[in-house]
Every structure is written in structure tokens, then in C-alpha cells.
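Here is a short briefing for a first look at this structure.

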Amino acid sequence: MAKPKKEATLMDKVVGLCKRRGFVYPGSEIYGGLANAWDFGPLGVELLKNLKDAWWKKFVTERIDMVGLDAAILMNPTAWEASGHVGSFSDPLMDCKKCKSRERADKLVETWQHDNRSDEQPANWAGEKTPPQDMLDFINAKNITCPKCGSLEWTLPKAFNLMFKTQQGVVEGEGKDIYLRPETAQGIFVNFKNVQTTSRKKIPFGIAQIGKAFRNEITPGNFVFRTREFEQMEIEYFCKPGTDPEYHDFWKKFCMDWYLGLGVTPDNLRLRDHDAAELSHYSNGTSDIEYRYPFGWGELCGIASRTNYDLSQHMEYSSKDLQYFDEAAREKYIPFVIEPSLGVQRSALVFLCDAYEEEEIKEGDTRVVLHLHNQLAPVKIAVMPLAKKIADNAKPVFDILVQQLGLNMDFDVQGSIGKRYRRQDEVGTPYCITFDYDSLDDNAVTIRERDSMDQQRIKIDELVPFFREKFTY
């Protein structure tokens, strides 16, 4: 007897939609892929672009206390010694003695907690900083077996540095060791004086950056939740010592409001303050905005109060003065820093999971729809001639809207009109325009709205102001 087919989870459905519709593909797929490497397809790159544009607009463009930066991925290796990454940037990894697979000990514990809906945890629990023996004792006591072979024969967790190392130089073996950056923050810190001087900003002010980072870590395989190559949207907000608690609270609310404003379900978000044992060496307070992913609660955004650790370290290692002179107070000081850090791919995953719905229209008729915010939707408008023979007549409608609105649009002529509606629903297109035979006579088209499926007839020469209002954020 055949085994019953396992019911697809929300994550399975989102992953399938992403591959089927061109949001995300497995990296190097024709060669068998590469673990936890993903390529973003035609709709995926539009989603990421819209996401980054929305973040930049809210966090940078609309604020007079914010400027931007695009620092190099490769930095002088001394910068990573100063920041502490060379000496202490590591994950607790343990090996299965039977199959030799390597796993993150803290993630094994967290997976067990989620699967068993339990709050039990190892003694002296501090996430990745939990003492190795306490981690191993808990894993053995709870019979947390190897996910690869099912055995319970673990080595004691050991710290493994997460930075990707490469060499600078043309002769193999004779180059200088350098690293792919594991975070974008240090490029901001080493440029603090340059940016402050040239932008003439007075404290408090922030420096924002969107860029790639790389971490050679063991990943749990939850799609694009945790990858070795990822993109960050990050701010270092410089403030006067003593005012950091106020700005920490401000940025926690600001980040939460941004996600809510783009449509994330409030019940799927929560704010969690780190315990003292969890805090990084540079932080006097860190909070995570967490999301209820299909696999359980997980980090979405971190807001860290980094004190003046980074600037102090770079002052010491570079022998350069990175103090700020406060003209009003006539004093010098090393600024404190608040760091809101958001992952681009992780945020995209949240918006996809949160927007996904299988909506029953009537008995036996279900549509898949992505309720993406207009600002994030990869395709804003789809123009659909009712029949191919009038496609040439409909094309000027597409051309006018693209030229005057500058939005990413689709000209969809394949399949029945019903199938085209469903296809556009599935990729989150907010509006479809149907150009039919009546359009040839009355110069009007039918606009169909994605979420309500309501339709209205509107003159072609009224389309630009109609959609300009819909896509003004």
C-alpha cells in the first residue's frame, strides 16, 4: 500500500511558488546546486529592489538626520582584528561521530524546542554562547539525534570562525590573507570621520548602507532564512553617550512600524530583548524583532546598542582620532551607536509567507494569491488584451502607463482571461487591465483589483491619474 502523501506546509507552498513563478531558483541548479545558495529570478529581483527602495525611502530619504554609504566588501584585515571578528566571531559546531556531518548545537536545541513546543533549555542557556558541556548534556538528555543519520553520538561543541578567507595577490600562496566582510557595519565605522566631515552632519545622525555580507556558517536549510551570502539593510546611528537608551527605544518602534506599514500581520511579529548572557561583547542592549515563520519564531531584525566599542577599537588599532567635537557643548567624545540591522532576503521571505493565501472563491474553486503591499509587488499592473488579435490595439495602453508612471508592468496575452487573472494573483500583481472588443469603440478598459476582485470600467485617458494615486506612497 502506498504511503499517504505528506501534506505540504506553508513553507513548501511558498518555495514551490517561488520556483514556479520565477521568484527564487536553487543556485547552480544544472550542476546539482550548492547548499543554501539561491538565485533570484525575474520577479525575485523586482521584489528585492522594491523592498530595498522602500527601506531606503523610509529610513534615509525621508529623514534629515540620515545619509548613505556604499563601502567596499574587502577591507584591510586589521579592521577585522579591531572589531573582534578574527578572535571571537564563531558558531558552536558539533560533529556526528557516525556520519561526520556537522551541525550548529544551538540550532539543534531550538529546532527541538519548536518541534516539541517546549520552553525547556540547557543550563546557562545563552543561545550560541551557551557553555559547550551544558549544550551537549541537554542534547543527549533530550535524545536529539543527528538529522542526517539518526545517531546520538555527538562531539563536544567547538567554536568555528565564520569568516570567509581569501588572498589578495596574483601569485597563489604568496598573497595576503583578507576576508569577505561578515557584516556591513565596519565599513560604516571606519568611514565615520569621512562621512561626518563631508556631510557636515551633527550628532545625532545615522549612516545607512545596503550591501552583501558573507558568513561561512552551518545553515538549517529553511529556504532563504539563513544563507552564507546575504544582503543587509543596516544603519549605524551615532548619538551622545547617555542618550543611547532613548534612541534604542526609538529605532525598535521605527523598525516595527515599517514592517507593519508594509502589511505584515501584527500577531506574527514580536519584540524580544536579549538576556544579559546573550549580548554580544560590544552591546549593552539588543532587541530582536521576531517573526512567526512556518518553522517557528525566528529573528527578522536586530536593533543593537553597540556603545562606543567599535569606534574606540578602530581608534586604538588605526591610531586615528575618531572623536566627535560637539560645538554646542565645547567637548569631544566618542559617540555611542544604535544599529538597526535588517536582512534583505529574510525580509522578502517574511513578506512572501505573510502575503500567501489560498482563498476559496466558491466550492471547488480556490485561488492562490499574494496580498503584497503595492510598494513591494514585483509587477504593479498587467495589461491583458482579451484576444491575441487585438493585442496590437492594447499595446499603446501598456506603453503610455510605463512611460508616464515608470512602473514595472506585464503585457500578458497567454491563456484564457481567467487563467491570466489567477496567474497575476499568484505573483501579487495588484491591478489587471483588460482590453476587450468594446475598448476599440469606447476607449475604455476594465480594471480588476487583486484582493477584492472588484472590477470597474474606466476611460483610457484617465488611467494615468488613477494609478498615480494608487502607487503614491
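The model is predicted: local features need pLDDT of at least 70, side-chain atom pairs count only at pLDDT 80 or more, and totals for chains, interfaces and linings use all residues. Residues are numbered from 1 along each chain as its sequence is written, and side-chain values use heavy atoms, without hydrogens or water.

**Helix α5 with helix α6**

- Helix α5 spans residues 105-115 and helix α6 spans residues 132-141. Helices (H or I, at least four residues) and strands (E, at least two) are DSSP runs, numbered from the N terminus.
- The two pack at an angle of about 40 degrees, with their axes 10 Å apart. Axes are lines fitted to C-alpha atoms, for helices over the stretch in contact, and angles run from 0 to 180 degrees between N-to-C directions.
- The crossing of α5 and α6 is left-handed. That term applies if the near helix is turned anticlockwise from the far one by less than a right angle; clockwise gives right-handed.
- From α5, the contact (heavy atoms within 4.5 Å) uses Ala105, Asp106, Leu108, Val109 and Trp112. From α6 come Met135, Phe138 and Ile139.
- Seven of these residues are nonpolar, none is polar and one is charged. Ala, Val, Leu, Ile, Met, Phe, Trp, Tyr, Cys and Pro count as nonpolar, Asp, Glu, Lys and Arg as charged, and the others, Gly among them, as polar.

**Helix α12 with helix α15**

- Helix α12 (residues 391-405) and helix α15 (residues 463-470) cross at roughly 50 degrees, and their axes come within 10 Å. That makes α12 oblique to α15.
- The crossing of α12 and α15 is right-handed.
- Val397, Ile400, Leu401, Gln404 and Leu405 of α12 meet Leu463, Val464, Phe467 and Arg468 of α15. This contact has seven nonpolar residues, one polar and one charged.

**Helix α2 with helix α11**

- Helix α2 (residues 42-61) packs against helix α11 (residues 344-355) at about 105 degrees, with axes 10 Å apart. The pair is therefore roughly perpendicular.
- Leu47, Leu48, Leu51 and Lys52 of α2 touch Val344, Ser347, Ala348, Phe351 and Leu352 of α11. The residues divide into seven nonpolar, one polar and one charged.

**Domains**

- The chain is assigned domain 1 (21-73 + 182-353), domain 2 (90-161) and domain 3 (379-471). Such bounds come from an automatic or database domain assignment.
- The centres of domain 1 and domain 2, taken over C-alpha atoms, are 28 Å apart. Ten residues of domain 1 and nine residues of domain 2 make the contact.
- About 760 Å² is buried between domain 1 and domain 2, with 52% from carbon and sulfur atoms. Buried area is the accessible area (1.4 Å probe) that two parts lose on being put together, summed over both.
- Ile218, Arg226 and Ala277 supply 52% of the area that domain 1 buries against domain 2, more than any other three residues.

**Backbone details**

- The peptide bond from isoleucine 203 to proline 204 is cis, with omega near 10 degrees. Proline 204 sits in the loop between α8 (192-199) and β9 (205-214).
- Phenylalanine 223 has a positive phi, near 60 degrees, in a residue other than glycine. Phenylalanine 223 lies in the loop between β9 and β10 (229-239).

Note on methods
Parallel < 35°, antiparallel > 145°, perpendicular 65-115°, else oblique.
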